[in-house]
Amino acid sequence: MNSDSVKQFYKQKRVLVTGACGTVGYELTRQLLEQYPSSEIIAIDNNESELFFLQQKFLKNKKARFFLADIRDREKMIRLMRGVQILFHTAAYKHVLLCERSPFEAVQTNILGVQNVISAAIENGLERVIFTSSDKAVNPTNVMGTSKLMAERLLTAANNNLRGDGPIFSSTRFGNVLGSRGSVIPIFREQIKSGGPVTLTDPEMTRFIMSIQEAVRLVITSAILACGGEVFITKMPVIRIKDLAEIMIKELSPSNQLRQKKLKIEIIGPRPGEKMFEELMNGEETRRAWELDQYFVVLPAFQGIQRKITYRYRGLVNKKVTNPYQSNQETPLNRHQLSLFLKNNHLLEEE
């Protein structure tokens with residue numbers, strides 16, 4: 001889909017972004033304000049300080065509106081969505097270990113908060129609601145992934161249960177956004193700066209990766225493609241985490257070979273709930289998945305009887321998908337390709 005048609009879709013639309021201070025929410029807000037002809041962008045978050053700084057950054061942008069709000073507050077969500085056409089829901093608890101230690105906090109935000117957003121969207125008659133999910137929702141082994149899977153199912157059920165007109169509800173699922181808060185790159189950078197060791201869970205661990213700019217561009221496009229109830233899975237390159245650590249050690253201390261030799265990689269083993277490889281689509285989902293040029297799309301397992309949907313997508317490649325989409329089954333970037341990816345996306349630079 002070309003950029004002109006995407007811009008035309010957002011022309012004079014009022015768009016709301018939840019979790020605007022997070023990595024994905026911030027980039028969504030920035031791109032929508034700077035690159036698309038929307039009439040108004042409403043950005044909400046419950047982080048007062050970060051929301052203040054975000055507001056200061058876009059103080060001169062007349063389309064920007066910022067509100068302190070929590071998705072746990074259903075009535076506030078209803079009020080904020082009045083007159084909105086499109087909603088991007090990115091607000092969530094995302095850190096695996098913290099969610100393991102406080103599971104009900106994850107439930108209240110990642111599940112009950114999502115239901116509040118759904119209810120508010122239905123009450124206000126929004127056109128489209130796009131939920132940003134995670135690879136951890138596939139065959140989940142931790143609280144965070146389980147809560148994300150439940151949120152996806154809530155979106156699909158909301159779409160199936162509507163009668164007549166109402167919002168189109170869809171989800172997008174992608175892997176690691178390199179350089180985002182809590183991702184491995186800032187952690188490795190700080191460990192290298194302090195002289196090491198660089199901690200690695202396992203040398204065989206693989207991950208899907210994408211730059212934040214590309215991930216958000218595809219989220220914005222998926223809102224146009226959405227028919228209802230499906231999950232869009234972004235196609236992403238794969239890397240070995242060990243290769244990433246070694247390249248960063250080399251690139252971030254190039255002038256001191258002795259320092260490079262002293263920087264050790266320490267194998268610490270997987271953390272609780274952590275997988276050796278990432279899954280973006282499991283075997284069960286392949287039976288109802290289609291391949292597009294930039295996505296896989298998983299159609300709903302059940303479709304509501306009240307709302308007949310004809311699924312049509314631009315860029316359709318194949319209506320038959322046979323293999324699960326897992327990082328251990330994809331060819332990883334070689335070290336040269338990974339080094340270019342990091343440099344081209346400015347991921348080795350200080351934040």
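In which strand does Glu279 lie? I looked this up and found Glu279 in strand β13, which covers residues 279-281, where a strand is a DSSP run of E with at least two residues, numbered from the N terminus.

I noted that this is a predicted model, in which local features need pLDDT of at least 70 and side-chain atom pairs count only at pLDDT 80 or more, while totals for chains, interfaces and linings use all residues. Residues are numbered from 1 along each chain as its sequence is written, and side-chain values use heavy atoms, with hydrogens and water left out.

Next I asked myself: is Glu279 buried or exposed? Glu279 has a relative accessible area of 8% and therefore counts as buried, a word that stands for under 20%, with exposed for over 50% and partly exposed in between (1.4 Å probe, protein chains only).

I then looked up the partners of Glu279. Its side chain makes a polar contact of 2.9 Å with the side chain of Asn139 and another, of 2.8 Å, with the side chain of Lys275; such a contact is a pair of N or O atoms within 3.5 Å, of which, within protein, one must be able to donate a hydrogen and the other to accept it, and residues adjacent in sequence count only if both atoms are side-chain atoms. Leaving aside residues up to four places away in sequence, Glu279 touches Asp135, Val138, Asn139, Tyr325 and Gln326, where contact means heavy atoms within 4.5 Å.

Finally, I turned to the whole chain, and wrote down that 52% of its 351 residues count as buried.

Conventions: Helix = DSSP H or I, 4+ residues; strand = E, 2+ residues; numbered from the N terminus.
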